[in-house]
Amino acid sequence: MRAAFEPLGARVVAVPVSKVLHLKSAVTALPDGTVLGHIPMTDAPSLFPRFLPVPEPSGAHVVLLGGSKLLMAASAPKTADLLADLGHEPVLVDIGEFEKLEGCVTCLSVRLRGLYA
């Protein structure tokens, strides 16, 4: 990735991932550059300049719906309150059956843009 993106002006930072299956299971980036993460699931939160620790594991998984709306699991009410206090609009969904198999809103979602009028 470094060879592909650094010539385009991007900075590539390697992030260790040992506590979860993949990076997206540990953190989510918001449009303003804030990275949400649950500390016990994140190997190196200090690598993210704007890291916001969240109180529940499922609070680290959000899907940007547009504007200030964030899709997130109902199992993260404290994180939803935290994000609402920061000006976001959490949209909570019950995905409890999927969470039993380590599913989350990010892996259950596919975003399509500009395909439909």
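Select Arg2 and Glu6 to begin, whose side chains meet in a salt bridge at 3.3 Å, N to O, the term meaning a side-chain nitrogen of Lys or Arg within 4 Å of a carboxyl oxygen of Asp or Glu. Arg2 is partly exposed at 43% relative accessibility, and Glu6 is partly exposed at 37% (buried means under 20% relative accessible area, exposed over 50%, and partly exposed in between, with a 1.4 Å probe and protein chains only).

This is a predicted model, in which local features need pLDDT of at least 70 and side-chain atom pairs count only at pLDDT 80 or more, while totals for chains, interfaces and linings use all residues. Residues are numbered from 1 along each chain as its sequence is written, and side-chain values use heavy atoms, with hydrogens and water left out.

Go next to Arg50 and Asp32, a salt bridge whose closest N and O atoms are 3.6 Å apart. Arg50 sits in the loop between β2 (35–37) and β3 (51–53) and Asp32 in the loop between β1 (27–29) and β2, so the pair ties together parts that are 18 residues apart in sequence; strands (E, at least two residues) are DSSP runs numbered from the N terminus.

Then select Glu97 and Lys100, where the closest N and O atoms of the salt bridge are 2.8 Å apart. Glu97 is exposed at 58%, as is Lys100 at 61%. The count of salt bridges comes to 3.

Cys104 is buried at 7%, whereas Cys107 is partly exposed at 48%.

Technical notes: Helices (H or I, at least four residues) and strands (E, at least two) are DSSP runs, numbered from the N terminus.
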